[in-house]
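Take a look at the model below and keep it in view while you read. We'll walk through it one piece at a time.

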Amino acid sequence: MKTNWDLSVFYKSFDDPAFAADLAALPGRIDALTAMIDAPADDEIAKLRGIVEAFEALNEASEPLYMMVMLTLSTDAQNPAANAAQTPLNRAGMAFAQMESRLSRYLASLDNLDALIEGDEVLRARGFALREYAETARHQIDPALEGPVLKMQLSGGKQFSELRGKLDATVLVDYRGEQIPLSAARAKAYDADPAVRRDAYEAELAAYKKIELPMSYCLNAIKAEACTMAELKGYKDVLDMTLCESRLTARTLDAMWTAIREALPQLRGYFKAKAKLLGHKNGLPFYDLFAPVGSCARTYTIEEARDMLLSVFGRFCPEIADMMKTAFEDGWIDVYPHAGKRGGAFCSGCYSKNISRVMTNFTGSLSDISTLAHELGHAFNNRMLCRVPSMMTETPMPLAETASTFNETVLAAEVRKGASRDEELMLLDASLTENTQVMVDIYSRFLFEQKVVDAQADHALSVDELKEAMLWAQEQSYGDGLDPEVRHPYMWACKSHYYSTGRHFYNFPYAFGGLFARGLYARYEQEGASFVPVYCDLLSRFGSDTIEHITASVGIDVTTPDFWRSAVASVVAEAERFAELVG
Ligand SMILES: [Zn+2]
């Protein structure tokens, strides 16, 4: 087994002459494609086929460059060659986006686009992507304004977004007389000692006080800019823009919220049971949301983790297990933490080679094995997407966490079998902590963001108004599950998701992905092995249509609350079992 990932499949090293040559050729390839789009043609079908071929070839040629640079930086942040390559790659990214705008306008200008697509096999196989490009032309900024507006964004919203990152990274928290970073203070929410959790929470809130004013300006500026962009692009509002970009309708989003809202009383029951277990009388204080419960002393080697995954997933779907075996043998995974390597975990796919690379910081806990299952779920999704043309692999945010969450669910169900009471409590709590974040906390974030966006038409919200709006949103979602005296009025400063200039309402996709995966798992439990090929086929089509159409094709109606209720029910059952164990 290899425990460092192998990047030599992309380039032998940064000294490989092919790396410099491919990087230097990239701008020319984008220019050539742009010229193809602009060139007049007698035979539009031939022109379109040429564009599609060049587009996909360009994607596949740039993939190894991005993989090499991005993956290197994630395990070796200071690598000089990878850092030096970032500027030309970012510039190529901008040129690519402008080429895509041209492509949109060209496709929208063809009155007979549908007939052209239907008249050719290659185009038909990419029909959704081509029609979507044409569709987005209706929501483009006036070409005369596009350049200046994008430039203004660089000095506007993007700067506020960066400022937010700097404030978050540099503010120091006075924790028990010691100055520690915000991330370190927040990590103490998982500490086994209740006094540590409470002190860290109080220190964290005091630290936000120091940066609340600039943070409030960042948030208002970014949301005001979003309102302007939605208006310039001809959308009804920011949510309309976000839903359209997510290939989702408002009806589906409402159906999901309806099922979540209905389950709030039972989900609050979990918080109350956890509060009781930890000796609180008035609901769970915010600082104990992530408190560890139960215990699992066992640790695992990476070989044991691999064996567990291969055995669990071999029973679910041999194709997943085979891919996992390849991942461990062929150096797909960078396993252990080390100096210079970033925290967390991710997966990145390379379509042209039908492989992925996974980064984790494995220390041997059960939760680390769950992380591996999660990231290898992304890798399996990438593998399934290789069944369709690369132009059809763009997966919208709400579906992006399906295969990963699904894998976590498969693993958790297996691990829970034969667990002791203490282990079961720990496993249930881990699952519920995550799932209530996805449902209850995400619901509060959605309500909050809606309020901030709506307010912009009237005025920018003051710090006090933002805090009040956050507490109001927490009351709507957590209700009596949380101690009303100990909530978190600064969650708007805490979560970076509110400050993305390109993605707004960057909250509901988590609820969608988490619940969608659980709904699929409920179907697997009912249908057994016959559901597996349906599942694989579904993953392959994540970039091939709107979310409603893709899900309808496997008999799932996401537009009404029923499917969502079935997904929510499995979390509610866990909450009830948890309360029962707590007694
Ligand atoms: Zn993920």
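Phe505 sits in the loop between helix 20 (491-494) and helix 21, where helices are DSSP runs of H or I with at least four residues, strands are DSSP runs of E with at least two, and both are numbered from the N terminus. Its phi is near 50 degrees, a positive value in a residue other than glycine. Phe505 is buried, with 23 other C-beta atoms within 10 Å. Here "buried" means 20 or more other C-beta atoms within 10 Å of a residue's own, "exposed" means 12 or fewer, and "partly exposed" is in between, with C-beta atoms placed from the backbone.

Before going on, two bits of housekeeping. Residues are numbered from 1 along each chain as its sequence is written. This is a predicted model, in which local features need pLDDT of at least 70, side-chain atom pairs count only at pLDDT 80 or more, and totals for chains, interfaces and linings use all residues.

Asn354 also has a positive phi without being a glycine, near 55 degrees. You'll find Asn354 in the loop between strand 4 (346-350) and strand 5 (355-359). Is Asn354 buried or partly exposed? It counts as partly exposed, because it has 13 C-beta neighbours inside 10 Å.

Now find helix 17 (residues 402-416). At 1.5 Å a residue, its 15 residues should span 21 Å, and its end C-alpha atoms are 21 Å apart, so the two agree; the expected span is 1.5 Å times one less than the number of residues. Because 11 of the 15 residues are buried, helix 17 is largely enclosed by the rest of the structure. Among the buried ones are Thr402, Phe406 and Leu411. Their cover includes helix 13 (302-316), helix 15 (366-385) and helix 18 (421-455). After helix 17 comes Gly418, with a positive phi near 80 degrees.

What about the nonpolar core? The largest one has 155 residues, and Leu219, Met256, Ala327, Met439, Trp492 and Ala511 touch the most other members. Helix 18 gives the largest share of this core, 13 residues. A nonpolar core is a set of buried Ala, Val, Leu, Ile, Met, Phe, Trp, Tyr and Cys residues joined through C-beta atoms within 7 Å. Leaving aside neighbours within four places in sequence, Trp492 is in contact with Leu219, Phe448, Leu466, Met470 and Tyr498, contact being C-beta atoms, placed from the backbone, within 7 Å.

Conventions. Two residues are in contact if their C-beta atoms, placed from the backbone, lie within 7 Å.
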